[in-house]
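Student: I would like to learn how to read the strands and the ligand site of a model such as this one. Could we go through it together, beginning with a hairpin?

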Amino acid sequence: MTHDLIIVGGGPAGLALAAALADTALRIAIVERQPLETLIEPAVDGREIALTHRSVRALQTLGAWGWIDPRQVSPLREARVLNGGSPFALSFGADGSGEDRLGCLVSNHRIRRALFAACEAQGNLEILAGQAVSALGTDRERAEVELADGTRLTGRLLVGADSRFSFVREELGIGAQVNRTGRAMMVCRMAHDLDHEGVATEWFDHGQTIAMLPLGGRESSAVLTLAAPEIERLAALDADRLAAEITRRYEGRLGRMSLIGKAHVYPLATTYARHFAARRAALIGDAAVGMHPVTAHGFNLGLASACTLGRLMAEAHRGGRSDAIASSLLLRRYEAAHRLASRPIYTATNMIVGLYTAERPAARAARHLGLRAAARIPLLSRNVSRMLMQT
Ligand SMILES: Cc1cc2nc3c(=O)[nH]c(=O)nc-3n(C[C@H](O)[C@H](O)[C@H](O)COP(=O)(O)OP(=O)(O)OC[C@H]3O[C@@H](n4cnc5c(N)ncnc54)[C@H](O)[C@@H]3O)c2cc1C
C-alpha cells in the first residue's frame with residue numbers, strides 16, 4: 001500500500017478529515033485538482049459561511065481556528081424570516097443556552113486557508129495538488145486511485161470529499177437524490193448606509209429570495225436566488241447598476257448599497273447520497289450531502305461528517321489493527337451517525353424552501369397564517385434557534 005487513507009478533494013471537508021487524524025500514524029494522501037498555490041491562498045469565492053458554535057469548537061480542536069483573524073469573524077445575533085410584502089417577521093435569536101449569539105460568519109476562503117495551514121506541515125500527510133483523479137476502484141483487499149498523470153495510489157480506505165457532483169460517488173456506483181432546481185444564486189459583498197445590527201434576513205419575496213448576511217461594519221453579503229438566466233443577466237451588469245438593482249430588490253432596507261469586489265454565481269442543486277459508505281470507501285462533505293444553502297448548514301454538516309469519520313478511524317487505529325479503519329462495521333457506524341445528523345435538517349430545509357417559494361395564492365395565504373401561528377409558539381422558535389446554533 002502507498003497509503004492507509006486516500007482522500008479525493010482538498011476542500012474544507014477533505015482537509016478537516018486529514019487534520020482530525022494528525023495524531024495518528026496513518027499515512028494519508030489528499031488528491032486535489034486545484035494547484036498548491038490555490039490551497040495556500042484560496043481566492044475570494046463570495047461565500048460567507050454561517051458557523052454554528054459546534055463548528056467553531058471543531059475548528060479549534062483541528063487547530064484551524066487560530067489561523068483566522070478574529071477581526072474577520074462577524075457575530076450573527078439574530079435571524080429574521082420575511083414573507084412577501086408582509087411586514088411581519090419570524091425572528092430567531094440565541095436560545096438561552098448562555099451564548100449571546102446564534103453563531104458567526106467567516107468567509108469561505110479564510111476557512112479553507114486556515115484548514116490548509118492547520119495540516120500543511122502534518123508529518124503523516126502528503127498533499128498531491130494540481131492532480132485530478134481519473135479512475136478509481138475498491139476490492140476486498142484495497143482501494144486504488146489513478147491520477148491523470150498515470151500515478152497509481154493504493155490504500156486501505158478511499159474517501160470522496162469531492163463536492164456534490166462527486167466523481168468518487170459516481171465511480172463507486174452510489175446513487176444520489178439530485179434536485180437541479182433551474183435556479184441560481186448570486187452572492188456579492190455590499191457596503192450600505194444603515195446599520196444591520198448583526199441581524200441576518202432571509203426574505204422570501206414573490207419570484208425571488210434574497211438573504212442579507214451581516215459582516216463587519218456597514219457591510220453585508222447579499223445572496224440573491226432567481227431563475228438561472230435572470231441571475232446571469234444581473235451578474236453581467238456593471239458595479240453601479242448591480243448595486244442599484246440589489247438596493248431596489250431589497251427595498252432600501254439598509255439604505256443605498258454599493259458593490260465591494262465582484263459578484264459570484266452558483267447553480268442551485270441539492271444532493272443526498274443513497275449511501276455514505278461502500279466497500280473500503282466513504283463519502284464526506286458535499287459528496288455525501290449537498291444542502292440547499294438557505295439554512296446555512298452545508299459546511300457545518302460537512303465538517304461534522306469529517307470529524308465523525310476521523311474520530312471513528314482514530315479509535316480503530318488506536319485499537320491496533322491497521323486494517324480496522326476500513327472495516328465494514330466502522331463504515332456502517334459512520335453512515336448511521338451521519339444519516340442521523342443530516343437527514344432531519346436536509347428534509348426540514350427542503351420543506352422550508354417548498355413552503356416559502358410556492359407561488360399559488362392558497363399557498364401564500366397558508367404561509368402567512370402559518371408564520372403568525374409559529375411566532376406564538378415560543379418552544380418552536382427556541383427549538384429552531386437550537387437547531388441553527390448547535391451549541
Ligand atoms: C453561496 C453559498 C453559500 C453557502 N453558505 C453556507 C453557510 O452559510 N453555511 C454552511 O454551513 N455552508 C454554506 N455553504 C455550503 C458550503 O460552502 C459547502 O457545503 C462546503 O464548501 C463543502 O465543502 P466540501 O469540502 O465538501 O466541498 P468543496 O468545497 O466543493 O471542495 C471539494 C474539493 O474537491 C476537489 N475535487 C473535485 N473533484 C476532484 C477530482 N476528481 N480530483 C481531485 N480533486 C477534486 C475540488 O477542486 C474542491 O477543492 C454555502 C454554499 C454556497 C454555494
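Tutor: Strand 5 and strand 6 form a hairpin in which five residues lie between them, and Gly84, in the turn, has a positive phi of about 50°. This is a predicted model, in which local features need pLDDT of at least 70 and side-chain atom pairs count only at pLDDT 80 or more, while totals for chains, interfaces and linings use all residues. Residues are numbered from 1 along each chain as its sequence is written, and side-chain values use heavy atoms, with hydrogens and water left out.

Student: In what sense do strand 5 and strand 6 pair, and over how many bridges?

Tutor: In general, strands of a sheet pair through backbone hydrogen bonds, either parallel or antiparallel. Strands here are DSSP runs (E, at least two residues; for helices H or I, at least four), numbered from the N terminus, and two of them pair if DSSP finds at least two bridges between them. Strand 5 and strand 6 (residues 89–92) pair in the antiparallel sense over four bridges, with Phe92 in strand 6 as the bridge partner of Ala79. Strand 5 (residues 78–83) also pairs with strand 14 (residues 199–205), in the parallel sense and over six bridges, and there Ala79 stands opposite Ala200.

Student: What is the strand order in the open sheet of six strands?

Tutor: The order is 8-2-1-12-19-18, with mixed pairing. Strand 8 (125–129) and strand 18 (277–278) stand at the edges with a single partner strand each, so one side of each is left without a neighbour in the sheet. Within this order, strand 1 (residues 5–8) and strand 12 (residues 157–160) pair in the parallel sense over four bridges, and Ile6 stands opposite Leu158 in strand 12.

Student: Which residues are closest to the ligand?

Tutor: A residue counts as near if one of its heavy atoms lies within 4 Å. The ligand is surrounded by 29 residues, of which the closest are Glu32, Arg47, Ser163, Asp286 and Phe299. By class, this shell has 13 nonpolar, nine polar and seven charged residues.

Student: Which ligand atom lies 2.8 Å from a polar side-chain atom of Ser163?

Tutor: A polar contact is a pair of N or O atoms within 3.5 Å. The Ser163 side-chain atom lies 2.8 Å from an oxygen atom of the ligand, and a polar backbone atom of Phe299 is 2.8 Å from a ligand oxygen atom.

Terms used:
A polar contact is a pair of N or O atoms within 3.5 Å; within protein, one must be able to donate a hydrogen and the other to accept it, and residues adjacent in sequence count only if both atoms are side-chain atoms. Ala, Val, Leu, Ile, Met, Phe, Trp, Tyr, Cys and Pro count as nonpolar, Asp, Glu, Lys and Arg as charged, and the others, Gly among them, as polar.
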